[in-house]
Structures are given as C-alpha cells and as structure tokens.
Protein chains: 2
Amino acid sequence: MSVTAAEGFVAAGVHAGIRRAGPDLALVRSTVPSVGAAVWTTNRVLAAPVVVSKRHLERVEPQAVVINAGVANAATGATGVADAERTAAEVGHALGLVPEQVVVLSTGVIGVPLPLDRVLSGVREASAALDTEGGGEAAAAILTTDRWPKQAQAAGDGFVVGGMAKGAGMIHPRLATMLAVVTTDYQLEPGEPIAFLREAADASFNRISVDGECSTNDAVVLLANGASGIGRTPASDERFAAALGEVCAALAREIVSDGEGSTVLLEIGVSGAASDAEAEAVARRIATSPLVKTAAFGRDPNWGRVLAAAGSAPWNGGFANVDAERLTVSFDGVCVFVRGEPTGATPSLGGTSVAIDLDLGLGAGRASYLASDLTYDYVKLNAEYTT
Amino acid sequence: MSVTAAEGFVAAGVHAGIRRAGPDLALVRSTVPSVGAAVWTTNRVLAAPVVVSKRHLERVEPQAVVINAGVANAATGATGVADAERTAAEVGHALGLVPEQVVVLSTGVIGVPLPLDRVLSGVREASAALDTEGGGEAAAAILTTDRWPKQAQAAGDGFVVGGMAKGAGMIHPRLATMLAVVTTDYQLEPGEPIAFLREAADASFNRISVDGECSTNDAVVLLANGASGIGRTPASDERFAAALGEVCAALAREIVSDGEGSTVLLEIGVSGAASDAEAEAVARRIATSPLVKTAAFGRDPNWGRVLAAAGSAPWNGGFANVDAERLTVSFDGVCVFVRGEPTGATPSLGGTSVAIDLDLGLGAGRASYLASDLTYDYVKLNAEYTT
C-alpha cells in the first residue's frame, strides 16, 4: 500500500526540523531510469517549487521527488525560486542525478521562506535512508494537518501502481495543499505518462471538493520505471490505465474523507445532462454549495438547496442547462423530486456517506463528484489560528 | 426611510397566518399610474411567482407588489403557478387593477405549496390597510430570518427614492431569499425603468455575497409614478440615477451586514485589472472564498489565502489574469504584499469591517464587492434545523 510498492522504487521520510516535531521531508526515487509527468494547480499564483519543477520536467525525465511539509515556499519571490533550485541540486548531488531529474514539492504555510539549511540537511539524511520499505515513512512526512496518511496500491498483470497523497488540511491559516506521488514499474516511454496521468487525475483529483479552494502548490506526480519487465500490449496499457485510475480514485477519496472537519462524504451523481461537461459543472456546483454542505452536516435531505445549486451552475459564461420540469432528484436512492413535482418522501440520512443523484432529463451527459460537508470544525480549523 | 417615502405610494404589512407569528404579507401600491421594471434571479430553477411576474411585466406596466414570507412557492409545479396567478388576481380585484399590473413575490421554504386561502385573506386585509405610513410594517412583513428590517431612502432635487429589502437569511433549510422593492415619485416613461434599475443593481445587489448562493426567488422591483411632478432634464436623470444607486447600495450593504452568522463586513476592492469585468471576477472569488471568510472571522490578515483566491478566479473558461510579480495586497490600508514580495507587516484587525484591497498592476479595471464572514453561526443556522 505505498509509493514503494512497485519494483525499483525506494523512499524515506525524515524529521528535517522544518516544523517542530514529526517527519517533514520525504524523498522518493526510482533506482533505475524512469519517465514521468505531473499535473499542476491551475492557480495563477504558483509556488516556487511548482515553477521550478515544471521547468525541470520540460527538460529531462524525472527520477526523484522531494517533498517538504511545513512551508509551502509560495509567495516568496525570487528567493523562493532559488531555494527550490538549491533543494533539487542537493538531491541530485546526493543521488547522482542531474538537478533537473528532481521534482520539488512543498506544502505548508504561504509567504514564509524555506529554512534552507534544514531542508538541505534533511535531504542528505533522507538520501541515506532510502529503502524499499520507506513508503510509509514518506507518506507520513508529507502530511500537514491530515488526520491520517493516505496510501493506495493496485496490481495489474505483472506490474504494480502505488501512491501516496496529502489532503486539503488547512488548519494553519496559509496552508497549501493537495499533493500526490504515484509510482509504477509498468514501462512507459518518454512523453507517454502525461496522457495516462491526465485521464486518471481528471476522473479523481479533479472531481473532489472540500471547500472549492485551489491552492498555489497542488501537484500530482507520476514516475514509471519499467522495472516490472513485462511486455506491453494494448490490453496491458488498458490494465495499467485502470490500475492508475484506481490508485488515484482511492487517494482522492481518502483526501475528501479527511476533509477539514468533515463528518460525511457526499457522493454526487449527475446524469441526463446535455453533455458530460455540463454534468460536471452541475455536480461541482452542488459539491461546493455551502448550503448543500451544511445541510449534509445536519443530515438533512434538503432537495430545495440541491435544486437551487443545480440551477446556478456556472457554464459557458452563464449557467448550465437545467429545467425543473425534467429534473429528478434522489437522496440515497429515495426520489424526492420527480420532473418538477415534489414526491413528499423524506429519506432518513444517518450514515457517514450520502448519495445525491440528479437526472436532468436532457441528454446523455453524466459526471460524479465527491465532497465533504461544511461543519463547525471546518470553521474552527480555519478561523481559530490567527497569525 | 421606507418604501412609502416617495409621493403617491402606500403600503401595508399584515399577519396572514402563513407562518405562526408576526407579519408575513406585504403590499405596496402606487395610488396613481406608475411604470416599473424588475431584475430577477438568473437561477435556472425559477420560483412560480418569478415566472408569473416576469410574464406580467412583459404585458403591462406594474402598479402594485405583493410579497409573502414563509413559503417561497418554488419547486411547486403547476399548482404553484396557478397559486401565484390567483394571488395577483385577488390583489387586482381588491385594488381595481388588472392582475397583470401586480408583481407577486414570495420568500420562504422551497417545495411547500402556498397556503392559498390565508394568502388571499391576507391580501384583502392588507388592501384595506394600505397607508402612506405603512412602509415600516411592509418592511417587517417580508423578513424571514433577518435580524432587522432593511429600509433606505434618498432625496433628489424635488423627488424621493425609497426602498425595502430582505436578506439572505436561510435559517430554515429550504429558504429562498433576497428581495427588494424600490419606489420613486420621479417620472419615468414606460420602458425606461429597466436601464436605471440594471445599472443600480449591478453596482449593489450584484456585488454582495453572503455564501455565494443564488436563490430561486431573488428579485428587485422598481416602481416609478412621477407623483413628484418635477420636470425632467438630463441633469435630473443623473440625480435620479445617483439616488437610486444610493438606495440600492444602502439596502445591499444592510443585507450583507445581516448575513447569516456574520460578525464582520469584508469590503473588497480590486484595481489594476486588465478589465472591469476581470476585476469583478477576482473580487467575487475573494468574496466567496471559504478560507478568506473563515480567516476574516478569526480576524486574521491572511494574505496567503487572498493570493490563492485571486489566482483562481473563474474567468472566460479559465482564470482571470493575475501575476504575483505585479500584485499588491493591503489589509485596512497596510501593505502586506508588494509586487511579488511579502512586506512582513501584520495589520491588526479588530473592528466590524475589514478592507481588503488588491492592485493587480495589469491595467485600469476595477471593482468592489461586499461580503460577510463564514462563522460557526452560519453553519449552525444552516445545519441545525433538519426537516
């Protein structure tokens, strides 16, 4: 169940002293040449490590990922970029790689400079500790305010995909945010990983919402080293895509389940939309609606709020096509609104998840989304700690 | 300070019994022929009174507005439309108007049928009680969970603009939502009110956010009856537009100040954007960011969250243009981030309002926005009352 599950990957997690206690620096490497890709936050304000790592990935194939927790190295100006470069160089030096083969990620407080000396000494310590059993330590070292480490793994026919992630835990006022590293011993050629990763990320990390925020540091990195040695066929490619999708979906689900203050997982399904993209817009709007999310916290099958959210889903400069006369809504399988008319049913919501399904009755478009609820603890975690 | 401040307007507020206690039905009319217009929610799911009133306004000029609180008459199917028509007909019968001269508005619980008999008997009672002193009662009768009535007034050179509103108080799980009625004795010709109203509403009601929700019932109605008798000039038109803007802005500010659970008013200013529309997109994103709003509740000058929100403002299918290297941010006038670099300043936020100003350094576009904070009480109000 870890980022070292696939052949030829080693990892370590150490306490570099970036934060007071606990592991705060993780290193993952392939022991043989690998290829890779990453998908990044689309925020216009990018953290320094994102700027640096994007540049690295444009030049050479990656073979190692270094992640520090505690300081996001975002909004740190020119110094921040130099610090991220220096970190990559130190990893390269320790592992015998060129700096551009190193992906640098940071998560933590925005606007605070990286404590560079501690990071560099942490890099040296982690380099010496790299081990095939180090996945768990690495997964622990990237957490910030997550309640538990997030790891996942899937086996194909002779290959393995493993991964770790940290979630949207923003207890500290300026924390940023979601990171994931996925490794595989399946063989991919240079240039191939990005398409596989995009497809898997679109169906997983891009379909979750804790609070609708988009951080300066979000990243998902994939490394593939071919160490499984199995031959490739179109069928094995499909199995790899499925395994990668499974790992990303499992990590994404963990992130939402561990959403700040979350008590219930909302599984939102939209079908019958004019297009898949419009279905996604409607699902996202419901997933980010404060009124739907507070109702979920209160275990209230509040279809009125679901209707109001669905009817105001931003789409193409206006709102997505929704027609109440054609709309059907159910909670946990119980229909509450059928083509414009309330049914009078009142589903009882008691568990740790609730399924909200909408059939827009307009076409064949469909999408699903996972979301957390909006609770006292979310407000507490994000309001209580003042700078 | 009321909807009856202008010459030739009368109003009343009565207890029709739609809810258990308190006034719940308001009626406003012009005693002489008037012209008018309305701006409506853009939600795709429209309440029955919105559907009916839009139709009425397309046919004739309005002379009366009837509003019930307690039941939104939204998502009520064909019965809901018939009930709204019947309400307008009853007002017309009582006041000697054709039904199409009556604008019908409802606010309250979604998905519950209007208690028609009570509404109709309330209409008869309110019609008999119409008075030039009735503005205060009318303003009280449209409230749902607002903490106070919202009224405003501005005098021009020989004319008056007065108005009332109810805010986004959604204590009950399916409540919907913002309504305003503005009256004036300034003289406008048929077809003229809409342009004045759109301009005033865009700069006021469309620049506020409590929780980013857009209800099925939102409406702002303007009635103008010319009873002031003053002559019109281009200069007086400007004065009228200014007075109308002032009244709308005052009502909008009241609505945000009374936002659910709100403890602080966020006054967000964005300048230096590539265009006014992009400035508005950035301001709106900040105004609806749960992280910015919880930080405000904690009185935390959290510029990291402001940066992250600004960098992810939906615009034109992507994000609005923001470049950290050109961006300057201040809290209550204290610069915390200047063109890509943190200043190290930590403003102290203690009051009941906080000014967050961004200069994007890209162009001449500017916009402002008002928002409430996100608090325990917001969650409580919206989660606690289960159906």
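## The interface between the chains

Chain A and chain B bury about 4600 Å² between them, and carbon and sulfur atoms give 56% of that area. Buried area here is the accessible area (1.4 Å probe) that two parts lose on being put together, summed over both. This is a predicted model, in which local features need pLDDT of at least 70 and side-chain atom pairs count only at pLDDT 80 or more, while totals for chains, interfaces and linings use all residues. Residues are numbered from 1 along each chain as its sequence is written, chains are lettered from A and ligands numbered from 1 in the order in which they are written, and side-chain values use heavy atoms, with hydrogens and water left out.

The contact (heavy atoms within 4.5 Å) takes 59 residues from chain A and 60 residues from chain B. Which three residues supply more of the area that chain A buries against chain B than any other three? They are A:Arg44, A:Leu291 and A:Tyr376, with 14% of that area.

Let's turn to the helices. Helices (H or I, at least four residues) and strands (E, at least two) are DSSP runs, numbered from the N terminus. Helix H10 (residues 376-383) of chain A packs on helix H10 (residues 376-383) of chain B at an angle of about 170 degrees, with the axes 8 Å apart. The axes are lines fitted to C-alpha atoms, for helices over the stretch in contact, and angles run from 0 to 180 degrees between N-to-C directions. H10(A) and H10(B) are therefore roughly antiparallel to each other; angles under 35 degrees count as roughly parallel, over 145 as roughly antiparallel, 65 to 115 as roughly perpendicular and the rest as oblique. A:Tyr376, A:Val379 and A:Lys380 meet B:Tyr376, B:Val379 and B:Lys380 in this contact. By class, the residues of the contact of H10(A) with H10(B) are four nonpolar, no polar and two charged. Ala, Val, Leu, Ile, Met, Phe, Trp, Tyr, Cys and Pro count as nonpolar, Asp, Glu, Lys and Arg as charged, and the others, Gly among them, as polar.

H10(A) also packs with H8(B), at an angle of about 70 degrees and with axes 8 Å apart, which makes H10(A) roughly perpendicular to H8(B). From H10(A) come A:Tyr378, A:Val379, A:Asn382 and A:Ala383, and from H8(B) come B:Pro290, B:Leu291, B:Thr294, B:Ala295 and B:Phe297. The contact of H10(A) with H8(B) has seven nonpolar, two polar and no charged residues.

## From H8 to H9 in chain B

B:Arg299 lies in the loop between helix H8 (290-297) and helix H9 (303-310) of chain B. Phi of B:Arg299 is near 55 degrees, a positive value in a residue other than glycine. At 23% relative accessibility, B:Arg299 counts as partly exposed; buried means under 20% relative accessible area, exposed over 50%, and partly exposed in between (1.4 Å probe, protein chains only).

Eight of the eight residues of H9(B) are buried, so H9(B) is largely enclosed by the rest of the structure. Among them are B:Trp303 and B:Arg305.

## A buried strand in chain B

Strand S2 (residues 25-30) of chain B has six of its six residues buried, so S2(B) is largely enclosed by the rest of the structure. B:Leu25, B:Leu27 and B:Arg29 point one way, while B:Ala26, B:Val28 and B:Ser30 point the other way.

S2(B) pairs (at least two DSSP bridges between the strands) in the antiparallel sense with strand S1 (residues 9-14) of chain B over six bridges. B:Ala12 stands opposite B:Leu27 in S2(B). S2(B) and strand S4 (residues 64-71) of chain B also pair in the antiparallel sense, over five bridges, and B:Ala26 stands opposite B:Ile67 in S4(B).
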